Amino acid sequence: MADVNDTAFRPGTFLLVGIPGLEKFHLWISLPFFSMYIFALLGNLVLLFTIVREQSLHEPMYLFLSALTVADLLLSTTTVPRMLAIFWFRVRDISLGACIAQAFLIHFIFVAESAILVAMAFDRYVAICNPLRYVTLLTHSVIWRLELAAVVRSLCIVLPIFQLLLRLSYCRNRVIPHSYCEHMAVARLACTSIKVNVVYGLTVVLLSAGIDVVFIAVSYGLILRAVFQLPSAGARRKAMSTCTSHLCIIFLFYTPAFFSFFTHRFGGHSIPHHIHILLACLYVVVPPMLNPIIYGVNNKQIRETVMSMLSWMGSRRN
């Protein structure tokens with residue numbers, strides 16, 4: 001007689017564990033996550049409000065940055081409140097539909113954000129390598145089309161994940177050893193073969209994010225070549241300062257994402273499971289928290305605009 005865990009059925013709900021093996025520390029773990037989430041919300045909302053309100057910031061670089069800010073807000077808000085509900089109130093139940101929707105949104109935002117980073121790299125390439133055509137090439141209509149293309153591409157790539165998860169028959173085991181619903185974490189609960197899910201998930205990373213990284217690397221290779229050919233040291237410093245923030249964000253975005261993806265599929269038992277889950281949780285909150293800080297500190301125009309807004313608000317109160 002087959003084991004009860006091997007009996008296929010359609011579950012009404014799944015159970016999210018949180019961080020496996022660290023359940024007794026969930027309350028303490030929640031404190032930095034809550035703090036980082038609040039900082040991420042405030043930082044991104046302030047940055048977005050600043051770009052929308054200040055006419056001088058309605059330039060291609062800042063319009064792409066506003067799209068990145070929206071993506072960061074969506075990514076953190078899609079995952080962190082559910083994590084905090086697990087950590088604080090032990091609300092672990094999540095319906096099948098809500099779980100698949102969360103997995104879809106996480107992957108959709110990742111692919112869209114990757115495309116936005118490519119657009120930002122192209123923006124810096126044109127600004128530094130072909131500055132005379134910058135205004136004519138990157139008009140507002142072109143920017144909106146690029147951002148729409150990022151959304152459409154993300155939908156086309158990630159929509160099959162929704163169908164792949166729905167076609168599976170799941171076992172009696174409803175426990176997801178994670179803090180949020182992720183494609184392969186859900187698929188591993190299936191009784192049927194998940195080979196298609198594994199292959200498609202790997203293909204998505206290699207053909208979307210992987211190609212994006214290649215385009216970004218090529219863009220910055222050309223940018224660095226152009227920067228080192230500038231006649232003055234001051235011009236070189238100014239050009240590099242505009243790229244430093246973007247490079248930091250690229251590093252923060254891709255490094256934990258690729259680490260989490262490849263260790264989840266190929267890491268085996270070399271990395272403790274709770275470490276993997278903890279890093280995956282940090283991925284959805286740390287980059288959204290740091291991105292506004294990086295741009296606020298390194299970008300003089302944003303920094304001065306925010307300070308003038310704060311000064312204006314202070315004078316209004318007085």
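First, the ground rules. The model is predicted, so to speak of local features we need pLDDT of at least 70, and side-chain atom pairs count only at pLDDT 80 or more, while totals for chains, interfaces and linings use all residues. Residues are numbered from 1 along each chain as its sequence is written, and side-chain values use heavy atoms, with hydrogens and water left out.

Now the cavity. Rolling a probe the size of a water molecule over the atoms shows where empty space is left. On a 1 Å grid over the protein atoms alone, a cavity is a set of points where a 1.4 Å probe fits but cannot get out; a pocket is an open set with protein on both sides within 12 Å along at least five of seven lines; lining residues have an atom within 4 Å of a point. Points are joined across faces, edges and corners, and a volume is the space filled by probe spheres set on them.

The whole structure has 1 cavity of 30 Å³ or more. The largest cavity holds about 370 Å³. It has 21 lining residues, and closest to its centre are His107, Phe110, Glu182, Ala257 and Phe261. Helices H3 (96-129), H7 (195-228), H8 (233-266) and H9 (273-283) each give two or more residues to this lining; helices (H or I, at least four residues) are DSSP runs, numbered from the N terminus. H8 gives the most, with 6 residues. By class, the lining has 12 nonpolar, 7 polar and 2 charged residues. Here Ala, Val, Leu, Ile, Met, Phe, Trp, Tyr, Cys and Pro count as nonpolar, Asp, Glu, Lys and Arg as charged, and the others, Gly among them, as polar.

Next, the pocket. The largest pocket has a volume of about 550 Å³. Of its 19 lining residues, Met61, Tyr62, Arg124, Lys238 and Thr242 lie nearest its centre. At least two lining residues come from each of H2, H3, H8, H10 (286-298) and H11 (300-317). H8 again gives the most to the lining, with 6 residues. The lining divides into 9 nonpolar, 6 polar and 4 charged residues.

Last, Leu31. This residue lies in helix H1. Is Leu31 buried, partly exposed or exposed? Leu31 is partly exposed, with a relative accessible area of 43%; buried means under 20%, exposed over 50%, and partly exposed in between, with a 1.4 Å probe and protein chains only.
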